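Hi,

Here is the structure I said I would pass on to you. Have a look at it first, and then read my notes below.

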Amino acid sequence: MKRVLVTGAGGFVGSRILQQLRAQLKLTAFPRGMLAQAAEEDVLRFVQQVQPDCVLHTAALSDTGYCEAHPEESFRANVEVPVWLARAARTAGAGLVLFSSDQVYTGLPGCSPRDEAAPLQPANVYGRHKLLAEQRVLDLLPQAVCLRATWMYDLPCYGLPVRGNLPLNLVRAALQGQALTFSRRDYRGVTYVRQAVQNLLPALSLPGGVYNFGSENDADMFTTAQAFCALLGAAPRLEAAAWERCLAMDTRKARAAGLCFDTTRDGLLRCLRDYGLRPGSGGV
């Protein structure tokens, strides 16, 4: 059984890794809060102590607004820590799988899905730091795997952390009588996190490099929100905007390597089935 050391085990993705993959992997987690306080030598010492086959790095400072206002904190969390882990993994002879983000695609013109070779100039601090982390990690450890993940979601269950996400935002707005605004010129995939976690098993054996990781989506976010509302049986007031962004990803490289995702809409259907909910029933 492969020994995997997980960062961010108390977070949205990391907690689900520990819950979902415990039968398939021998999982160890960094102590809660350690990476927020540790120096590089502490990280190296802990990795050497655990001697993992692979480090799975999910921890990040991912609030884009906070990163914009606090770039030094973002740089430490989103660039320095991944670099430390790459050095530690190299010293221990371990692999490294790093969660990156679709935010690296901010600022590109057009609305066609982005592939991994797209020329990048991220328009926000978080995207710039995620791209810089990819580059520095791969320079240190060419066999590292960088997964550019989409926006992810889950429903409240198992006592695991749940953060703001598309289906819950829609249901909450419906219950509270609030309006939500989505742009008809904003494109991105939205992924059921439990399918993403299951796809980490083949991801651990990928050749080094960058991979788009998550559900594709050929609809704009206003249309996507409408489709989610229909499946959730929720009816918040949706307002249409026209600002432009395209984070939609072409995932052919990942699919060719065995990482297969539902489309964004079909992912929500899978989520509802997993939780025993009937589409359109309003039972979320």
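Let's start with Y158, which you'll find in the loop between β6 (151-153) and α7 (166-176). (Helices and strands here are DSSP runs, H or I of at least four residues for helices and E of at least two for strands, numbered from the N terminus.) Y158 is not a glycine, yet its phi is positive, at about 65 degrees. Most residues other than glycine have a negative phi. Q51 is another non-glycine residue with a positive phi, near 55 degrees. Q51 sits in the loop between α3 and β3 (54-57), and it is partly exposed, with a relative accessible area of 36%. (Buried means under 20% relative accessible area, exposed over 50%, and partly exposed in between, with a 1.4 Å probe and protein chains only.)

Before you go further, a word on the model. It is a predicted one, where local features need pLDDT of at least 70 and side-chain atom pairs count only at pLDDT 80 or more, while totals for chains, interfaces and linings use all residues. Residues are numbered from 1 along each chain as its sequence is written, and side-chain values use heavy atoms, with hydrogens and water left out.

Now the whole protein. It has 12 helices and 10 strands. Its radius of gyration, taken over C-alpha atoms, is 19 Å, close to the 19 Å from the globule rule (2.2 Å times the number of residues to the power 0.38) for 284 residues, so it is as compact as a globular protein of that length. The C-alpha trace spans about 55 × 40 × 35 Å along its principal axes. Of the 284 residues, 51% are buried.

Next, a helix pair. The axes of α3 (residues 40-50) and α5 (residues 71-92) come within 9 Å and cross at roughly 35 degrees. (Axes are lines fitted to C-alpha atoms over the stretch in contact, and angles run from 0 to 180 degrees between N-to-C directions.) On the α3 side, the contact (heavy atoms within 4.5 Å) is made by E40, V43, L44, V47 and Q48, and on the α5 side by W84, L85, R87, A88, T91 and A92.

Last, what does V125 touch, leaving aside its neighbours within four places in sequence? V125 is in contact with C67, E68, P71 and S74. V125 belongs to helix α6 (residues 125-140) and counts as buried, at 8% relative accessibility. V125 and S74 are 51 residues apart in sequence, but 7.8 Å apart in space, C-alpha to C-alpha.

Cheers
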